[in-house]
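Student: Can we go through this one together? I'd like to start with how the chains meet and then look at the folds.

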Amino acid sequence: MLINHALKELMEVEEVSENVLQVHLNGLLQINDKIALKEITRQLNLENVVGDKVFGSFAENLSFLLEALKRGDRSSSCPVIFILDEFDLFAHHKNQTLLYNLFDISQSAQTPLAVIGLTCRLDILELLEKRVKSRFSHRQIHLMNSFGFPQYLKIFKEQLSLPAEFPDKIFTEKWNENVQCLTEDRSVREVLQKHFNVSKNLRSLHMLLMLALNRVTTSHPFVTAADLMEANQLCSMDSKANIVHGLSVLEICLIIAMKHLNDIYEEEPFNFQMVYNEFQKFVQRKAHSVYNFEKPVVMKAFEHLQQLELIRPMERTSVNTQREYQLMKLLLDNTQIMNALQKYPNCPTDVRQWATSSLSWL
Amino acid sequence: MPHLENVVLCRESQVSILQSLFGERHHFSFPSIFIYGHTASGKTYVTQTLLKTLELPHVFMNCVECFTSRLLLEQILNKLNHLRSSEGGCSTHITCETFNDFVRLFKQITKAESLKDQTVYIVLDKAEYLRDMEANLLPGFLRLQELTDRNVTVLFLSEIVWEKFRPNTGCFEPFVLYFPDYSIGNLQKILSHDHPPEYSADFYAAYINILLGVFYTVCRDLKELRHLAVLNFPKYCEPVVKGEANERDTRKLWRNIEPHLKRAMQTVYLREISSSQWEKVQKDDTDPAQLKGLSAYTHVELPYYSKFILIAAYLASYNPARTDKRFFLKHHGKIKKTSFLKKHEKITSLVTLQLLTLVGHDDQLDGPKYKCTVSLDFIRAIARTVNFDIIKYLYDFL
């Protein structure tokens, strides 16, 4: 966004807009140098581009591009600005040829070239090869969020207020007044403080506001503090607990059996047979015969848990071992399981008691 | 939207959230939305119905069907092409190999008049398979709005939670929406919705109640429950049809159907026998245990000597070596009788059936070692067919 803004300002200078060529590249799209090269020639509209197709092999294109760029000098040719988004992905290309060539040309007295790289990795210099790093001018601009909580509140207010250009003036006034009240409300401040403590990131603030704004309809035209609190709850939901909420009772019993195995054997991997034996210990107590299911039915429940990626095999499925004896690991920890059990609807009391203690009661 | 509520049951709040996210036709929506929930919780159905009812331009893709990036990208572009030239005329098939070309062609296609001012929706079902495709696809789709600079929103539908999708170096976080599982009341309501017109709604609701009572602790998947409901309903109606009971005689109906449902759990639920076989069972009233199952138990018809080789392998695998003499002196004769060549073929065929597996390296030419990979129940079934009491020979059962 910053780059686009700066470019827009630059383009407003008339000399610049007539002369400067821009090339925008993105690491997600151009995943190797060949594609990147084609994209550059396409964007610069060089002679080997007809319509959208670029002719020639990689070597030909590279030499043609380098010639075209090298032929100029600082006084007579068009300056080119290269903007490379997701710069760290470019550093993963083979031999970093593209980066090497671009930096090389920018350092020598040929076509005036500016290369701007955007990345979210701080250690980007370590990814560059020695020869590329030496040609880099080492000019880095760090954009860090260095504001404190009061400024965060101000940003919250600004983001939520309607701009003056909004067509309905009366509504704008009422809406902005409402936003002002919200900023002064204590529960709203608590929610924002919690959010701020977790992440200063503005995108997460946007997500929170988006969830709250979803509740605005014609019958509920203003955002209230309750909306924000609910939005906060939705944001900080544990998604695995939600998945556990939807499991059947048999699957919950299997998870509890795995939890007990983990407690006894200190997180050693287990297999289906061990879980089944532990489950049988529970079933064989007199009152629990209602859970006496056949082994294949229990196996189907176990496979469902595997499909949901709540348990995972230690190594890839091989033909050499039978399915029942493959070692697995549980991907939930004890607190998650106990919290999920609290919220589980219609949990039979004996299952819940079994979860808290694996000692047999007679 | 009243019409929508009749078609999509028990999902009002999710539908309203989606509708408020979509906004008006020309509004920019959130760039990516991630919907997760259990299987058969209505994610695909609700999304499809909503997009079709509101008549928004959309493309629906299944990532299991399009398992390579090229298939996925080409299909999206071709479907979009169909959308924009819906007046007819055969448009040429678009080819697209990389994500770069996809973005370029996408920008061209969405310049068309019919798509210009509206949000285009791309729905990727079974999105967990995207993680196994090329690494730039998932982050690329999350940012598609930014990369193409067009009004497009990508919806991801999956069973797996978002935390398992996130790439290591971070990405654009989508709006995460959870489709809760149906409660037992909701399940009852939805299942009772498709009652056949010949019977009253109450009668069917009572049947669904019984069905849920038997199966709810084991399975909450709506698709499976629906399948079981349809299969077992004729048996439930049998007393009424035969005139032995009327619709309100709940105890008689219960006594008739309960053992049948218990048997269903062991067979049809596990897909041990097919649904057509199950329907035959109901009509002829035969004992399902006599039926030839679909599983390996009865399906594998081994020749006589292969069965003995398998039994010998099982005993060799599970008995400690020093007890061999005790068990085997009498039977060795039987196996020695067959010629060596035939024994070798039979062993290879057992390996192909995955009943035996090769242990150790391939280069041990003079003595390949095998291991028996069948369960005790299976080997007992096999042994029974040759009248061999295997329990007598197993060390663990002495």
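**The interface and beyond**

Tutor: This is a predicted model. The area buried between chain B and chain A is about 4,300 Å², and carbon and sulfur atoms give 57% of that area.

Student: Which residues in chain B lose the most area to chain A?

Tutor: They are B:His38, B:Asn100 and B:Arg220. Together these residues account for 15% of what the chain B side buries.

Student: What about polar contacts, how many residue pairs between chain B and chain A?

Tutor: There are 15 residue pairs in polar contact, counting pairs with both residues at pLDDT 80 or more.

Student: Changing topic. What does UniProt place at residues 204–271 of chain B?

Tutor: The unreviewed UniProt entry has the feature "domain: ORC5 lid" there. In the model, that span is 74% helix and 0% strand, and its end C-alpha atoms lie 25 Å apart.

Student: Now chain A. In what order do the 3 strands of the open sheet come?

Tutor: The order is β1-β4-β5 of chain A. β1 (21–26) and β5 (113–117) of chain A are the edge strands, each pairing on one side only. Neighbouring strands of this sheet are turned by 15° against each other on average, direction ignored.

Student: Is the pairing parallel or antiparallel?

Tutor: The pairing is parallel. β1(A) pairs with β4 (residues 80–85) of chain A over 6 bridges.

Student: Which residue in β4(A) is the bridge partner of A:Val23?

Tutor: That is A:Phe82.

Student: Where does helix α1 of chain A lie?

Tutor: Helix α1 (residues 2–11) of chain A lies across β1, β4 and β5 of chain A, and runs at about 165° to β4(A). Helix α3 (residues 33–44) of chain A lies across β1 and β4 of chain A, at about 150° to β1(A).

Definitions and conventions: Residues numbered from 1 in each chain as written. Chains lettered and ligands numbered in written order. Predicted model: local features only at pLDDT ≥ 70, side-chain atom pairs only at ≥ 80, totals over all residues. Heavy atoms only, no water. UniProt positions renumbered as here; feature names shortened; annotations may be inferred. Helix = DSSP H or I, 4+ residues; strand = E, 2+ residues; numbered from the N terminus. Pairing = 2+ DSSP bridges. Axes fitted to C-alpha atoms, helices over the stretch in contact; angles between N-to-C directions. Contact = heavy atoms within 4.5 Å. Buried area = accessible area lost by both parts, 1.4 Å probe. Polar contact = N/O pair within 3.5 Å; in protein donor to acceptor, adjacent residues only side chain to side chain.
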